Amino acid sequence: MFDRNTLIALVLVGLILLGLPYYYKLIAPPAPPTPPVETVIETAPTETAKKAADEAAKPTSEIVAADSSAILNPASFDSTLLKPSRPYTATAVEIETPLYKMMLGSDGRVTSYELRAYEIKNGPQVNLHQAAQKLDPALGTWDLDLGPRNLTTLHDLYFEASRPRLFVPSGRDSLELNYESPDGKRLTLFYIVDAAQYGFTLNIKANGFTQTDTREYRLTWQGGVPSTEPDPRSDVEFGGSYAQIGQELEEIKLGNNPKVDFTATGRTSFVATRSKYFIAALIPSEAAAGADLSGRSRAPADPTVPHLYDATLRLAWEGPAIEQRVHVYWGPIKKENLEVFEVGLENTMNWGWAIVKPFSLAVLWLLRFFGKFIANYGIVIILFSIIVKVVLWPLTRKSQVAMKKMAMLKPEIEALKEKHAKNPQAVNKAMMELYKERGVNPAAGCIPLLIQMPILYGLFIVFRSTIEFRQAPFFGWISDLSQPDTIFHLGFSIPLYGSGVGLLPIVMGVSQYFMSKATLTDPNQKMMLYIMPVMMLVLFNNFPSGLTLYYTLFNLWAIVEQKLIKLPDAVPAAVVVEDKPKRKGKN
């Protein structure tokens, strides 16, 4: 049984954990509620229209002609030359493949991107583009900035498409969009689509524009990736922006900051921004000159307000014309999909600490391997738990035997402590000698647990963050193995436990009690029979149900295991060999 000091320490730790949320609220009050967001329809740019109206209202003598000298002076550049020749439309072009359906606006940019294989829970297909709203700009689109002497956005342009619809059932095909200004500047966009891949390849050609002083222009992914999950906090938690500069993967996350910026110059292989399950990446065919990353939020402490991320490639502008090809990966975060580009894009995935990463990858590989033959991932988890138990059987048996021997030696250990009460070093030395004499390894009992920990952590990462288990059902109330199996909500939140009540964590807690009871070897640890199940129930209540299912099965198999393992009845006494006295006169 625990001693008095241990129990007091456990109670104090529990009180501190329970009080932490209230302390955080005290020192950092939550952000005030934000006004409701209203959706507005994308129309022609009002700023440009306003500027055009202002210009039209000026006397003719004040309007500067768009001659060569005006182009060299940004302040005198006549932007009306690039205004749309026709009203803006958000559905100018439709592109469809077996993987997605995409709409382009008359400015050549994406206005909708629906993934056929993924759905919002109990809703429509996932759309990785979100239209501009009253308080936030559009999320999930790209833009081009050729400098203030040319154009800083495509939103003012009207492109003529080579065809209104591109359907690519297999293989590859492309679509061409052309814009030509009244003064002869020409911009051409090619959307090259592969039926077997998410995203597209963007080929940009520009002629007649003035080269920037920095000899760079910018291609930006704007807004990041919209939230697609029932709990937007998960998308905020996993959200961020990335850039591969040389050998370093740079990353920014907003956290509780309203704005974060990052700029670097160097060989840039890609920039990307992601949510929990989806990513958008710009991968130039030739490395860019640098990258700019930025994140912003109007209420960073409010998890329901999106965190917006921009990721910009600074591309080299050599010569009078521009021709650049950029791969745009825009889809699910799958390791094999990201590895195709061979630029390290897969490193944006989080596999845990370095020591855990091999376990995470091995767990995912095994689960996906069995998933090829068994459609239900819940059954795959059952099979996986049995395999782990069988593999660990020799170590588990060795651990149980060691724990049994340790319990048997406890009276002798207590006697040694009493004998050397004033000399701790002598106690430790005597205990080590006793273990050695009786053939007991005190660390043997921890080996299976040490192996289980990275496996559990790997399972936690796999179920929590890999898209393979997104909305993967088991049976009954367990409809999503990547989420807690909440059966009802309390209406209030309990620190650490949360507001939802899951059934599987309760089953797991009960199984933990019987497993601990079956494996108990030291009667003095009886209190653990009651403490551990409660702690595990609270801890697992917000974990993915796939992980809770695995741990429940782990407990059940451990109970069965105890029935099969035969422990020794007693520890053999040490054989004491006394030295015989030496006879005098003999060497």
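**Figure 1. A salt bridge joins arginine 368 and glutamate 336 in this predicted model.** The closest N and O atoms of the two side chains are 2.8 Å apart. Arginine 368 belongs to helix α6 and glutamate 336 to helix α5 (residues 335-339), so this pair ties together parts that are 32 residues apart in sequence. Arginine 368 is partly exposed, at 27% relative accessibility.

**Figure 2. Arginine 464 meets glutamate 237 in a salt bridge.** Here the closest N and O atoms are 2.4 Å apart. The pair links distant parts of the chain, with arginine 464 in helix α10 and glutamate 237 in helix α4 (residues 232-238), 227 residues apart. Both ends can be looked up by their accessibility: arginine 464 is partly exposed at 24%, and glutamate 237 is partly exposed at 43%.

**Figure 3. Aspartate 213 and arginine 149 form a salt bridge between two loops.** The structure holds 24 salt bridges, and in this one the closest N and O atoms are 2.9 Å apart. Aspartate 213 sits in the loop between β10 (200-207) and β11 (216-222), while arginine 149 sits in the loop between β5 (141-145) and β6 (160-161), so the pair ties together parts 64 residues apart in sequence. Elsewhere, Glu94, Glu96, Arg116 and Arg165 are linked in a network of salt bridges.

**Figure 4. Phenylalanine 200 is in the largest nonpolar core.** This core has 110 residues, and those with the most contacts inside it are Trp142, Tyr191 and Phe200. Helix α10 (residues 447-465) supplies the largest share of the core, seven residues. Away from its sequence neighbours within four places, phenylalanine 200 is in contact with residues including Tyr100, Met102, Trp142, Tyr191 and Trp330. A second, separate core has nine residues, among them Leu416, Ala430, Leu434 and Tyr435. In soluble globular proteins, nonpolar side chains tend to be buried together.

**Figure 5. Leucine 547 is a buried residue of helix α13 (residues 545-564).** Its relative accessibility is 3%, and buried means under 20%, so leucine 547 counts as buried. Not counting residues up to four places away in sequence, leucine 547 touches Leu456, Leu459, Phe460, Phe463 and Phe540. Leucine 547 and isoleucine 461 are 86 residues apart in sequence, and their C-alpha atoms are 9.4 Å apart in space.

**Figure 6. Nine side chains make a nonpolar surface patch of about 770 Å².** They are Phe475, Trp477, Ile487, Phe488, Leu503, Ile506, Val507, Val510 and Phe514. Which of them gives the most? Helix α11 does, with five residues. Valine 510 is found in this helix and is partly exposed, with a relative accessible area of 45%.

**Figure 7. Serine 297 is buried in a loop.** The loop runs between β16 (288-296) and β17 (308-316), and serine 297 has a relative accessible area of 10%. The side chain of serine 297 reaches the backbone nitrogen of alanine 299 at 3.2 Å. Beyond its neighbours within four places in sequence, serine 297 is in contact with Leu254, Pro258, Val305, Pro306 and His307.

Conventions
Residues are numbered from 1 along each chain as its sequence is written. This is a predicted model: local features need pLDDT of at least 70, side-chain atom pairs count only at pLDDT 80 or more; totals for chains, interfaces and linings use all residues. Side-chain values use heavy atoms; hydrogens and water are left out. Helices (H or I, at least four residues) and strands (E, at least two) are DSSP runs, numbered from the N terminus. Buried means under 20% relative accessible area, exposed over 50%, partly exposed in between (1.4 Å probe, protein chains only). A polar contact is a pair of N or O atoms within 3.5 Å; within protein, one must be able to donate a hydrogen and the other to accept it, and residues adjacent in sequence count only if both atoms are side-chain atoms. Contact means heavy atoms within 4.5 Å. Patches are made of residues with over 30% relative accessible area and no salt bridge: like charges are joined within 9 Å, nonpolar side chains (Val, Leu, Ile, Met, Phe, Trp, Tyr) within 5 Å. Accessible areas come from the Shrake-Rupley method with a 1.4 Å probe; for residues, only the protein chains shown count as cover. A salt bridge is a side-chain nitrogen of Lys or Arg within 4 Å of a carboxyl oxygen of Asp or Glu. A nonpolar core is a set of buried Ala, Val, Leu, Ile, Met, Phe, Trp, Tyr and Cys residues joined through side-chain atoms within 4.5 Å.
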